[in-house]
Amino acid sequence: MISDYQQSLRERFLSVPVVAPPVPWHPVPNGLIPIGGLLGIGFALAPDGGRDLVMVVSVHGHGLFDAVTGEKIARDRDPDPDGSTPDAAPDLSCPGLGPIASTRVCIAGLFGGGLHTTTEDGWTLEVVSPEWPHDRILLSTDGGTPHNKPHGEGWWHIFDSNYSELRAAGFSPSGRTLAVATSSDLTLWTRRTHDAEHSAGELGRSPAT
C-alpha cells in the first residue's frame, strides 16, 4: 500500500507531458546521439579551453563528445580489455581518449556511480519512477520534490525513458551541461558560461519552450 501523499505525487508525475528545459538550457546541435549498448557516461574538461566533454562507454568501445556541439571528438572501438568497462577500477573509471588520453574519467551507469544532481546556482535533477521500471527525469529550481509549483513554473518533466533503460542523468561538474543516458542513446543540453553565473531562481521563471 502507498499513502495518499505518495499516490498524489505519482498522479502528478504521470499527468504532465515531456517538455523542453527552460532557458538558459538548450539542446546541443547533435543533442540526441544514438549509441547502442551504452553502459555509462562521464565528464571531463577539454585541455585547450575548459569546454565540457562527455565520455561514453558502450559494448562497442569508447567515445568522446563535445558537450557544446555534440560532435564526436575521438573513438576507440577496441579499448584495452583491462579498462574497457568501469567495473575494473575501484573508482569506476576508464582511461580517457583523444585529447584526454592522459587522464581517467569516472563513469556513471550500469555498474554504479552517479553524476551531479545539483548545480551551484540552484538547478536540481531528479529521477522518479511512477511507472516503474520506466524512469522520468525532472529538472527543477524549487528545491526538488514535492514540487508545489505548477508544472512549467519551477519544475519540468524533461525526459521519459519509456523506450530504453536509464543509465545515468545529471550535470557536469561545471554545471554547464545536462546529460541523460539510456541503454540506446545520449541526450545533451547546454548553457553558456555566463548563464551559469546567474541563479536558477532568476532564470527558472521563464516558461518552457
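Trp-25, Trp-123, Trp-156 and Phe-171 make up one aromatic cluster in this predicted model. Across the whole structure, a search finds 5 aromatic pairs. One of them joins Trp-25 to Phe-171: the pair is tilted, with 5.9 Å centre to centre and 35° between the planes. Because Trp-25 sits in the loop between α1 and β1 while Phe-171 belongs to strand β12, this pair ties together parts that are 146 residues apart in sequence. Trp-25 and Phe-171 are both buried.

Phe-159 and Tyr-163 form another tilted aromatic pair. Here Phe-159 is buried, with a relative accessible area of 8%, whereas Tyr-163 is partly exposed, with a relative accessible area of 45%. The geometry of these two pairs is set out below.

| Aromatic pair | Centre to centre | Angle between planes | Class |
|---|---|---|---|
| Trp-25 and Phe-171 | 5.9 Å | 35° | tilted |
| Phe-159 and Tyr-163 | 6.3 Å | 55° | tilted |

**The sheet β1-β14-β13-β12**

Strand β12, which holds Phe-171, is part of an open sheet of 4 strands in the order β1-β14-β13-β12, with antiparallel pairing. The edge strands are β1 and β12 (166-171), each of which pairs on one side only. From one strand to the next, the twist averages 10°. Strands β12 and β13 run antiparallel and are joined by 5 bridges. Opposite Phe-171 stands Leu-178 in β13, so the residue that pairs with Trp-25 across 146 places in sequence is itself a member of strand β12.

In soluble globular proteins, nonpolar side chains tend to be buried together. The largest nonpolar core of this model has 17 residues, and those touching the most other members are Ile-35, Leu-38, Ile-41, Val-54, Val-56, Leu-186 and Leu-188. At least two residues of this core come from each of β1 (26-34), β2 (38-45), β3 (52-58), β13 (177-182) and β14 (185-190). Strand β2 gives the most, with 3 residues.

Which residues does Leu-38 contact beyond its neighbours within four places in sequence? The contacts of Leu-38 are Val-56, Val-57, Ser-58, Arg-167, Ala-181, Thr-182, Ser-183, Asp-185 and Leu-186. Val-56 and Leu-186 are also among the core residues that touch the most other members.

A second, separate core has 14 residues, including Trp-25, Phe-159, Ala-169 and Val-180.

Another open sheet has 3 strands in the order β9-β10-β11, and its pairing is antiparallel. Its edge strands are β9 (124-131) and β11, each pairing on one side only. Neighbouring strands of this sheet are turned by 30° against each other on average, direction ignored.

Between β9 and β10 there are 6 bridges, and the two strands run antiparallel. Glu-131 has His-134 in β10 as its bridge partner. Strand β10 (residues 134-140) is joined to β11 by 5 bridges, again in an antiparallel arrangement. Within this pairing, Ser-140 has Trp-155 in β11 as its bridge partner. Helix α1 (residues 4-15) lies across β9, β10 and β11 and runs at about 100° to β9.

Why is strand β11 described as largely enclosed by the rest of the structure? In β11 (residues 155-160), 6 of the 6 residues are buried, so the strand is largely enclosed in that sense. Asp-160 is found in this strand. The relative accessible area of Asp-160 is 16%, which makes the residue buried, because the limit is under 20%. Not counting residues up to four places away in sequence, Asp-160 touches Val-18, Asp-135 and Arg-136.

**Confidence**

The average pLDDT of the chain is 92, and 92% of the residues score at least 70. Over residues 203-209 pLDDT stays under 50, and for this stretch the model has 21 contacts beyond four places in sequence.

Definitions and conventions: Residues numbered from 1 in each chain as written. Predicted model: local features only at pLDDT ≥ 70, side-chain atom pairs only at ≥ 80, totals over all residues. Heavy atoms only, no water. Core = buried A, V, L, I, M, F, W, Y, C linked by side-chain atoms within 4.5 Å. Buried < 20%, exposed > 50% of the residue type's maximum accessible area, 1.4 Å probe, protein only. Contact = heavy atoms within 4.5 Å. Pairing = 2+ DSSP bridges. Axes fitted to C-alpha atoms, helices over the stretch in contact; angles between N-to-C directions. pLDDT = per-residue confidence, 0-100. Phe/Tyr/Trp six-rings, centres within 6.5 Å; stacked < 30°, edge-to-face > 60°.
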